[in-house]
Amino acid sequence: MADSPPPLRLYPLGDAAVVLEFGQAIAPATHQLIQAFAKVLARHPPPGLREVVPAFTTLTVYYDPLVLFELGEASPYGQLASALQSLLPAAQAALAAAEPGPLVEIPVCYGGDFGPDLGLVASHAQLSAAEVIARHTQPEYLVYMVGFAPGFPYLGGLDAGLATPRRAQPRPLVPAGAVGIAGAQTGVYSLPTPGGWQLIGRTPRRLFDAGRARPSLLQAGDRLRFVPISEAEFQRLAHVH
Amino acid sequence: MSISVLKPGLLTTVQDLGRFGYQKEGLVVSGALDAVALRTANMLVGNPETAAGLELTLRGPALRFEADTLLALAGADLGARLTGQPVPLGRPVAVRAGTVLAFEKPGASGRAWLAVAGGVAVPPVLGSRATYLRAALGGLGGRALQAGDMLPVGEWPAVGRWLFASILPQAAAGGWAAARWSLPTPPLASSGAPLVVRALPGPEYAQFAQASQQAFWEETFTVTTEADRMGARLSGPVLRRLVDTELLSSAVAFGTVQVPPGGQPIVLLADCQTTGGYPRLAQVISADLGRLAQVLPGAQLRFVPVGLAAAQALYLAQERRLRALARAVHLKSLL
């Protein structure tokens with residue numbers, strides 16, 4: 001798709017961030033271009049760059065206007081916007097050579113105390129609990145972005161037949177590691193928090209750990225597969241992690 | 001060298017200028033709600049601006065300094081007292097070991113920052129000492145101070161030692177003295193007047209009805225009781241979006257004004273999440289973020305529009321002013 005026009009729109013988020021918008025809808029191709037752009041930026045950081053936040057269709061670039069003020073005559077925003085725009089061809093070239101992100105396996109103990117809403121999801125989908133587990137563990141999910149809470153992955157790839165509305169009354173406290181479904185999304189709670197997702201299981205792996213050099217287990221661009229485990233296996237792994 | 005916490009205060013946390021580089025992993029920035037106030041307090045005791053200090057909320061703590069200490073306060077006046085006497089803001093204060101800093105001001109409002117020479121030397125987590133309460137991370141065990149805590153203090157910078165030596169001889173019997181000079185600390189709204197912050201239109205500004213855009217800039221908002229370090233829910237005119245399509249989550253930051261479907265805006269603060277899905281009506285300019293630190297329940301808030309070039313020029317002016325202040329402190333320490 002090298003001959004399609006550059007699908008890039010830039011706009012400010014205040015006076016110290018610029019948003020690069022690569023599309024309007026959630027799509028693997030848009031995601032891959034954002035990932036490629038982020039990699040090019042990491043290799044060739046423009047002056048003043050502070051950090052970047054990838055999302056579904058955007059890459060937000062935080063910067064220090066002071067650094068750019070001291071560099072040139074053009075406005076800090078103007079300088080950075082043109083520097084970013086000039087990186088687009090390199091990102092598109094990198095896209096062609098891009099390799100799929102690492103595959104991360106998330107062991108999940110489904111149902112029982114760990115997945116109190118598994119039965120509800122099953123009856124909503126008119127499936128058995130075993131069929132829900134089979135359909136939830138079948139796809140290879142894509143981590144589109146990490147946000148909302150430290151280490152919380154936004155996943156694409158849920159079997160449409162498993163979509164279930166959120167609970168009318170959110171639970172006051174959902175434990176870290178809870179695996180849930182909300183509408184057409186599935187995800188894993190990374191911190192104990194109130195939440196309205198339908199809980200179908202729990203993983204013993206820690207999605208966020210400030211003691212790790214990369215505190216979030218999952219990064220945007222990773223691929224993910226849920227692997228069913230028994231409660232005994234859950235207890236064993238919980239001691240390991 | 002350490003500080004004993006006799007009383008914790010309402011919400012006292014260790015903060016520095018924040019934890020950067022991990023927002024792509026969903027980790028919030030945190031840090032002092034008024035970075036300029038903390039930076040000024042650090043300058044006054046000779047610290048690097050990035051040193052950690054304490055953020056005080058409404059009712060301050062009671063602290064006993066177990067060693068000689070050079071301290072400075074900035075932000076709101078929460079009624080600081082040393083040996084019963086009021087402690088001025090915006091000045092280095094030399095204190096003898098064993099002295100107790102207390103806060104006694106019935107009905108005090110606002111937030112303040114306390115810096116000590118050497119900084120609060122809790123171990124950094126992911127490059128920062130800032131406390132992020134929700135993830136129980138950074139600061140002192142990831143939580144607010146409690147009675148009985150001991151706060152470690154780092155090694156004094158040379159400037160701090162010189163300042164201490166020049167100020168302490170002025171101490172009266174009480175065992176402490178403030179410098180005769182001061183630095184301007186960030187101005188606070190005069191009591192009764194609404195807090196005014198300048199803002200840029202946000203990415204989804206154009207999706208709001210013209211009457212709502214106008215109301216946002218012209219009306220005064222009241223801070224509700226749902227206000228903490230993450231953000232403050234405001235009450236005021238209902239702000240209507242013209243489209244009701246759901247937005248895809250994208251980045252939000254300290255100073256983002258987002259509007260949930262109910263039409264009452266939320267202004268996000270230092271502990272805000274990294275991404276959000278509500279329309280972003282406006283973004284408070286960098287130079288005014290510190291003012292949002294005084295956005296506590298019941299406060300009145302107004303937004304004034306500025307352009308991007310003006311906002312960045314105001315930020316440049318702020319940073320130049322702070323550099324000049326840092327130079328001035330260095331000169332004082334040499335006198």
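Predicted model: local features only at pLDDT ≥ 70, side-chain atom pairs only at ≥ 80, totals over all residues.
Residues are numbered from 1 along each chain as its sequence is written, while chains are lettered from A and ligands numbered from 1 in the order in which they are written.

**Chain A overall**

- Chain A comes to 7 helices and 13 strands, where helices (H or I, at least four residues) and strands (E, at least two) are DSSP runs numbered from the N terminus.
- Along the principal axes, the C-alpha atoms of chain A fill a box of roughly 65 × 40 × 35 Å.
- Of the 241 residues in chain A, 41% are buried; a residue is buried if 20 or more other C-beta atoms lie within 10 Å of its own, exposed if 12 or fewer, and partly exposed in between, with C-beta atoms placed from the backbone.
- Take the contacts in chain A with a separation of 6 or more: 62% of them are between residues 24 or more positions apart. Two residues are in contact if their C-beta atoms, placed from the backbone, lie within 7 Å.

**Domains of chain A**

- Chain A splits into domain 1 (9–97) and domain 2 (103–240), with bounds that come from an automatic or database domain assignment.
- The centres of these two domains, taken over C-alpha atoms, are 31 Å apart.
- Across the boundary, 7 residues of domain 1 of chain A are in contact with 7 residues of domain 2 of chain A.
- On the domain 1 side, helix α1 (residues 28–43) of chain A gives the most, with 3 residues.
- By class, that side of domain 1 has 5 nonpolar, 2 polar and no charged residues. Here Ala, Val, Leu, Ile, Met, Phe, Trp, Tyr, Cys and Pro count as nonpolar, Asp, Glu, Lys and Arg as charged, and the others, Gly among them, as polar.

**The sheet in chain A**

- Chain A has an open sheet of 7 strands in the order β7-β6-β13-β5-β12-β9-β10, with mixed pairing; two strands pair if DSSP finds at least two bridges between them.
- β7 (153–156) and β10 (185–188) of chain A stand at the edges with a single partner strand each, so one side of each is left without a neighbour in the sheet.
- On average, neighbouring strands of this sheet are turned by 40° against each other, direction ignored.
- Strands β9 (residues 178–182) and β12 (residues 198–202) of chain A run antiparallel and are joined by 4 bridges. I181(A) has Q198(A) as its bridge partner in β12(A).
- Helix α5 (residues 118–125) of chain A lies across β5 (103–110), β9 and β12 of chain A, at about 120° to β12(A). Axes are lines fitted to C-alpha atoms, for helices over the stretch in contact, and angles run from 0 to 180 degrees between N-to-C directions.

**Where chain B meets chain A**

- 34 residues of chain B are in contact with 39 residues of chain A.
- On the chain B side, the elements that give two or more residues are β16 (250–251) and α4 of chain B, and α4(B) has the largest share with 7 residues.
- By class, this side of chain B has 18 nonpolar, 12 polar and 4 charged residues.

**Helix α4 of chain B**

- α4(B) covers residues 308–334, 27 residues in total, and reaches 40 Å from its first C-alpha to its last, close to the 39 Å expected at 1.5 Å a residue. The expected span is 1.5 Å times one less than the number of residues.
- Its buried residues are A311(B), Q312(B), Y315(B), V329(B) and K332(B).
- Those buried residues pack against α2 (65–69) and α3 (76–85) of chain A, together with α1 (35–44), α2 (158–167) and β13 (195–201) of chain B.

**Residues to click on in chain B**

- T275(B) is in strand β19 (residues 275–276) of chain B and is buried, with 27 other C-beta atoms within 10 Å.
- Not counting residues up to four places away in sequence, T275(B) touches residues of both chains, including V53(A), M145(A), F148(A), S249(B) and V252(B).
- L126(B) is in the loop between β10 (111–116) and β11 (150–152) of chain B, and its phi is near 50°, a positive value in a residue other than glycine.
- A136(B) is found in the loop between β10 and β11 of chain B and has a positive phi of about 50°.
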